[in-house]
Each structure stands twice: as structure tokens, then as C-alpha cells.
Amino acid sequence: MSSDDKPSEKPTKDKAAKDKSVETRSEKTGTNGATTSAEKSAENGTANKPAPKITDSWVGANPNKRGVPEGLWLGCDGCGATIFRKELEKRLRVCPECNHHFYISAPARISQLLDQDSFEEWFTNISSLDPLGFADRKPYPERLVAERAKTGLDDACITGRGYLRGRPLVCAVTDSAFIMGSMGSVVGEKLTRSIEQATELKLPLVIVSGSGGGARMHEGIYSLMQMGKVCAALARYHEAGGLFISVLTNPTMGGVAASFASLGDLVFAEPKALVGFAGPRVVQATVKAQLPDDFQTSEFMLAHGFIDRIIHRAELRTEIARVIDYCGLRQ
Ligand SMILES: [Zn+2]
């Protein structure tokens, strides 16, 4: 990790000075009052907690019912079938009955997609400030602490480099469990730096989006400007001849769908993922027309030319490797 990581340290310092909505933790520990101490406690409290299974509807969770350990079986959200949990994990969390693709966390996605132990995570030392003093049900700094404790993630995005079937690449994954996978300044900054690294290292780029929230309202305009910032980095990457494969998973909405997720040289999607900008209810209320049943699904988007292919989770590795080879970027 050490020698390869050095080039990535330089942009870290330069960028942090420019962008006031993020800070570099390792450099400023102890100097930022409430934010820093809150983050510290978040880190201490969440070191090894597993990511939650947010879409599981548990069967057999009744503690009074003897002989059925909690979480051994779960119900499919797609067809209602009761599935043996181990069987589901073996099938990459895809229902054996109906092919419903269950939620998987960003770390699980990385381990499914990339070669074993090949992933080197980048830019883990960036965290959000609270530029607006925003509060939903709780103040934003407390919200971040709670989300970190819940998911075990620093923010809604993991980026880094790794190998996919022996092919080196830069990979980023957003996780819908962390404030709906919304793009605040940290997600935008991590993606931008990763794209810049991919440009410099001349590596293919794969971004797997699972963002139901679009731009993160907690950071207002700082979130919105991430859309332009990430897209500008992608434009420079494109001009340098880079290959960007965007993979849309359930859900990919709002400012994420309206920026980097739609800009892939190739845009793949998992089956039946929700993909769109505003949600179907908002669209229905605005256009006042009956929407098709499959509106804003991957299948609908494919039929209307918005995405290039729908790929089953089990085939994603093979297909991405094939595209990388086809485009001749293997180093
Ligand atoms: Zn099913």
C-alpha cells in the first residue's frame, strides 16, 4: 500500500485547501472542535461493525420460536419466496427463484467484483463539515455519526484501485445505506480525486452507483456543485482517452443519475434497478399522465436507449473484463 499510495497523497492536501466543505482528518485532528471530536467517537464506535441488511425482511426472527436461529431464512422482496440465507449469499444475494437482486453494501460489492484482497482503498481521510448548520431530525454532524455507526462506512462512497480478473482498474462504489447514498462534498471529492488518479495512472474506471438520494440536501449548494466537479473530471479523463464503465444498481436517482452515473462510455445496469431523476410519484404528479408499469426500471431505460446493457450480477465481472480487453486498455 505504501509506495503506490504516495501519488494520491499530494492531491489530497491541495484539494482540501480549496474546498472548504471538506477537511482532511489526519491533518486537522483536534483543531476543529465539535466536528472532529464527534468524528473521533464515530470512528472508535464503529471500527468493526458489519453493514446492515436494510432490505431484508426477516423470517424466523421470533425469539420465542425454538430451533430457528435468527436470520437463517429471509423473504424475497421480488417474489415473496422464503430463501435460505446461505444459498442467497452463495448466489451473490440474487434470489434463486426470481432473480431479484438484493441490496449489497459497498464493501460486499468490492469483494464480489474485484480479485480477492486486491483492493487498495483511497482517500479515507476526508470528512464533511456542516456548512449550513443543517438539521433534519437531528443535526447533520450527529446524523453523520449515526450513519457511520449504522453502516461502518466513513461516507456513502468507497474508492480505490484494484484488479478485476487480473486487469488493473480504479473502482468506486456508492452505498445506498448511508443517507441514501447521496452525493455530498465527500462523495464528490472522493470520486473526483479517483477519476484524476485514473487519468494519471491511465487505468480504466468503474463506478458502481447505488444512490437513491441524489445530491445531499444536508450540504445544499456544496452537494450540487459536486455534480459539475465530478463531470468536469470525467471530461478530462475522456479527453485523455480513458475508459469509464458506469454500473447502475438499485436505486440510482437524482443528482447521481443526472451526473456521473449517466456519463459512462458504457452504461450497464442490474436487472430491475430503479433508475431515474425524480421519483415516479413526483413525475406522475407533475405530468399528470398515467406512467407505464415498468417506468424508471433498467428494462425501461434500456428500451429507451438510456443504458447500453442489463447485466446479471453474477456476470458483471466477466463482462467488465471483456469490455476492458475489447477497448485495449489492459496494461
Ligand atoms: Zn425472489
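Predicted model: local features only at pLDDT ≥ 70, side-chain atom pairs only at ≥ 80, totals over all residues.

I started with the sheet: seven strands make an open one, ordered E5-E7-E8-E9-E10-E11-E12, with mixed pairing. Strands (E, at least two residues) and helices (H or I, at least four) are DSSP runs numbered from the N terminus, and two strands pair if DSSP finds at least two bridges between them. The edge strands, each pairing on one side only, are E5 (120–122) and E12 (309–310).

Residues are numbered from 1 along each chain as its sequence is written.

Next I looked up E10 (residues 244–252) and E11 (residues 266–269), which pair in the parallel sense over four bridges. Leu-248 has Ala-269 in E11 as its bridge partner.

Leu-248 turned up again in the largest nonpolar core: of its 58 residues, Cys-171, Leu-205, Val-206, Ile-245 and Leu-248 touch the most other members. Such a core is a set of buried Ala, Val, Leu, Ile, Met, Phe, Trp, Tyr and Cys residues joined through C-beta atoms within 7 Å. Buried means 20 or more other C-beta atoms within 10 Å of a residue's own, exposed means 12 or fewer, partly exposed is in between, and C-beta atoms are placed from the backbone. I also found a second, separate core of eight residues, including Ile-83 and Phe-102.

Last, I checked helix H10 (residues 280–287): zero of its eight residues are buried, so it lies largely in the open. Lys-288 follows H10 and has a positive phi, near 50°.
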